[in-house]
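Please look over the sequence and the model shown below before reading on.

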Amino acid sequence: MGDEALAAGLWETASLHFGECLSSPTLKPEEKSSVAIRLAESWIREGRNEEALALLKESFVSSHPEATFWKGQALAGLGRVGDALEELRPLLEQPAAPFQKQTVFTIANLQLALGKPDAALDTLNFLTGEKDAEYAARARLQQVEILLDL
């Protein structure tokens, strides 16, 4: 139910579902970090970045493969752009990391927000040779948009 709510953009419904799951005494320990990640994602999408960041720092979730990405998103949502960039940058060098391609766009947009279009262009280069044509095209298109704004 929570995943369906996330997919449908029903952040509050997803938050309620994952929050109830996380507090359930029947939740298996091996499922706890995955449920916490989905709760953090729900909160971030809902704008509850402080709560998400606190949850992502908990030991049972901080080592989850998606934790770095969502922590970076929460930091960006709080306006802590420098901290978000610091958190997300290592994911650029990890092609197998969850949300690696989305991380490229996030970092480029944060760099643009800091008035660093050249850095954003360089970051987008991570995807211009991407085998997935959709991501490569999106990266090239964003590069063109940046160049037109210079």
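**Buried glutamines, a helix and its charged surroundings**

Gln100 is buried, because its relative accessible area is 9%, where buried means under 20% relative accessible area, exposed over 50%, and partly exposed in between (1.4 Å probe, protein chains only). This is a predicted model, in which local features need pLDDT of at least 70 and side-chain atom pairs count only at pLDDT 80 or more, while totals for chains, interfaces and linings use all residues. Residues are numbered from 1 along each chain as its sequence is written, and side-chain values use heavy atoms, with hydrogens and water left out.

Gln100 lies in helix H8 (residues 100-113); helices (H or I, at least four residues) are DSSP runs, numbered from the N terminus. Setting aside residues up to four places away in sequence, Gln100 touches Leu91, Leu92, Gln94 and Pro95, a contact being heavy atoms within 4.5 Å.

Beyond its neighbours within four places in sequence, Gln73 is in contact with Ile44, Asn49 and Thr106. With Thr106, the side chain of Gln73 makes a polar contact of 3.1 Å, that is, a pair of N or O atoms within 3.5 Å, of which, within protein, one must be able to donate a hydrogen and the other to accept it, residues adjacent in sequence counting only if both atoms are side-chain atoms.

Helix H2 (residues 11-23) has 13 residues, which at 1.5 Å a residue should span 18 Å, and its end C-alpha atoms are 18 Å apart, so the two values agree; the expected span is 1.5 Å times one less than the number of residues. Ala14, Ser15, His17, Phe18 and Leu22 are the buried residues of H2, and they pack against helix H1 (2-7), helix H3 (29-46), helix H4 (49-56) and helix H5 (59-62).

Side chains of opposite charge can pair when their charged atoms come close. The structure holds seven salt bridges, each a side-chain nitrogen of Lys or Arg within 4 Å of a carboxyl oxygen of Asp or Glu. Arg48, partly exposed at 27% relative accessible area, meets Glu46 in a salt bridge (3.4 Å, N to O), and Arg48 also forms one with Glu51, the closest N and O atoms being 2.8 Å apart. Elsewhere, Arg80 pairs with Asp83 in a salt bridge whose closest N and O atoms are 3.0 Å apart, while Arg38, Glu41, Arg45 and Glu66 are linked in a network of salt bridges.

Note on methods
Helices (H or I, at least four residues) and strands (E, at least two) are DSSP runs, numbered from the N terminus.
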